[in-house]
Amino acid sequence: MQKRTLLQAAVLAATSLALAAPAQAQDFPPNKPVTLVVGFAAGGAADAAARLIAKKLGENIGQTVVVDNKGGAGGNIAHQYVSKAPADGSVLLFGSVGPLTIAPHIMKVGYNPFTDLAPISGGVNFPNVLVVHKGAGVKTLAEFVAKAKKSPGSVDYASTGAGSASHLAGELFNQRAGVEMVHVPYKGGAPALQDLLGERVTSYFAAPPTALPHIETGKLIPLATTGLTRPAYMPNIPTVAEAGYPGFEALNWYAFVAPGKTPTPILDRWNIEIVKVLKDPAVAEALKVHGLTPQPTTRAEFAAFMKKEYEQWGKVVKERKITQN
């Protein structure tokens, strides 16, 4: 009798676990508020994209998705925060190229981008545009390179900070063009652009949305964009690759990740929902107004893309001997 009782109890326990596991896996959306963390202050390209996407995500899943800006350290603070957040699908991160694939090669970031964070999908991407102030005396990339080679160390370039996409775009260009531009890091795009306009720094690999108004007024001279193809909103500006450096590519990108221990079924559901939003014609058009190209992917595709970017920038960091200072 005792054996039968124990056997019945074991069967009931196993049945309960079997029923509970699918229920837990299907707990979507989470039974609590959903937060999309952004590693930069409100008002920038990342914030604009995150808010557009979060609004549509919330409409689709029937639950508000709140954007939480945790700026600082080039986005690293937000990435560290999410790496330690509850792994139940309630916290997502609009991760970016710097903290995910560049900064870990240069500094201690407090998280491992491949184990403490889990890939969900690509988000958006955009090239930088290399611009100089009107007093620089150059109008083409060839003239810019000739100027840099004529007087090594006399040409500098601004960035949004050590380990940022704009920093590594400049270092990659140094490597490919055989020049030695001096890196001048800033705490963000606004002060970098301000000093460029004030002619206190020669050049800047800028985000197109912030540079375009000054290009249109003639205050800044565009030399080249850093993608493999010309963006639709800059059809007359050549790419660095077209201007003499085949294969040159240095994209800014943002993507969706979650805490590393988030269950796979929840990650898969978020991928479905995020890809659906990124493929929505109205959302895609709104993103393009900000100069952003939607980049929906499978989880595996984004993981492979991130690994490739991590390895590419790791090589640049090593060959250029880039350090945190």
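**Entry 1: pairing, and the first sheet**

I count two strands as paired if DSSP finds at least two bridges between them. With that settled, I opened the model, which is a predicted one.

I looked up strand 4 (residues 117–127) and strand 10 (residues 251–259) to begin with. They run antiparallel, and 9 bridges join them. Phenylalanine 126 has asparagine 252 in strand 10 as its bridge partner.

I find 6 strands in an open sheet, ordered 2-1-3-10-4-11, with mixed pairing. Which strands stand at the edges? They are strand 2 (65–69) and strand 11 (293–294). Each has a single partner strand, so one side of each is left without a neighbour in the sheet.

I then checked what packs on this sheet. Helix 2 (residues 45–61) does, and it touches strand 1 (34–38), strand 2, strand 3 (91–96), strand 4 and strand 10. Its direction makes about 160° with that of strand 2.

**Entry 2: helix 2 against helix 9**

I stayed with helix 2 and turned to helix 9. The two pack at an angle of about 120°, with their axes 10 Å apart. That makes helix 2 oblique to helix 9. I noted the hand of the crossing as well: helix 2 passes helix 9 in a right-handed one.

I listed the residues that meet here. From helix 2 I have Ile53, Lys56, Leu57, Asn60 and Ile61. From helix 9 I have Trp270, Glu273, Ile274, Lys276, Val277 and Leu278.

**Entry 3: helix 11**

I tested the length of helix 11 (residues 299–320). It has 22 residues, and at 1.5 Å a residue they should span 32 Å. The end C-alpha atoms are 31 Å apart, which agrees.

Which residues of helix 11 are buried? I get Arg299, Phe302, Phe305, Met306, Glu309, Trp313, Gly314, Val316 and Val317. I also wanted to know what they pack against. The partners are helix 4 (97–106), strand 4, helix 6 (165–177), strand 10 and helix 9 (264–278). Strand 4 and strand 10 are the pair from my opening look, joined by 9 bridges.

Is glutamate 309 buried or exposed? Its relative accessibility is 7%, so it counts as buried; the cut-off is under 20%. I set aside its neighbours within four places in sequence and looked for contacts. Glutamate 309 is in contact with Val97, Thr101 and Trp253.

**Entry 4: helix 6 against helix 11**

I moved to the packing with helix 6. Helix 6 and helix 11 pack at an angle of about 65°, their axes 10 Å apart. Helix 6 passes helix 11 in a left-handed crossing.

On the helix 6 side I find Leu168, Glu171, Leu172, Asn174 and Gln175. They meet Gln312, Trp313, Val316, Val317, Glu319 and Arg320 in helix 11. Among these, Trp313, Val316 and Val317 are on my buried list for helix 11.

I looked at strand 9 and its neighbour. Strand 5 (residues 129–133) runs antiparallel to strand 9, and 5 bridges join the two. Valine 132 stands opposite isoleucine 221 in strand 9.

**Entry 5: two positive phi values**

I checked glutamate 199, where phi is near 60°, a positive value in a residue other than glycine. I place glutamate 199 in the loop between helix 7 and strand 8. It is partly exposed, with a relative accessible area of 41%.

Lysine 321 was next. It is not a glycine, yet it has a positive phi of about 55°. It comes just after helix 11. At 73% relative accessibility, lysine 321 counts as exposed.

**Entry 6: whole chain**

The protein chain comes to 11 helices and 11 strands. The C-alpha trace spans about 95 × 40 × 30 Å along its principal axes. Of the 325 residues, 49% are buried. I also looked at contacts between residues at least 6 apart in sequence. Of these, 76% join residues at least 24 apart.

Methods. Residues numbered from 1 in each chain as written. Predicted model: local features only at pLDDT ≥ 70, side-chain atom pairs only at ≥ 80, totals over all residues. Heavy atoms only, no water. Helix = DSSP H or I, 4+ residues; strand = E, 2+ residues; numbered from the N terminus. Contact = heavy atoms within 4.5 Å. Axes fitted to C-alpha atoms, helices over the stretch in contact; angles between N-to-C directions. Expected span 1.5 Å × (residues − 1). Buried < 20%, exposed > 50% of the residue type's maximum accessible area, 1.4 Å probe, protein only. Parallel < 35°, antiparallel > 145°, perpendicular 65-115°, else oblique. Left-handed = near helix turned anticlockwise from the far one by under 90°.
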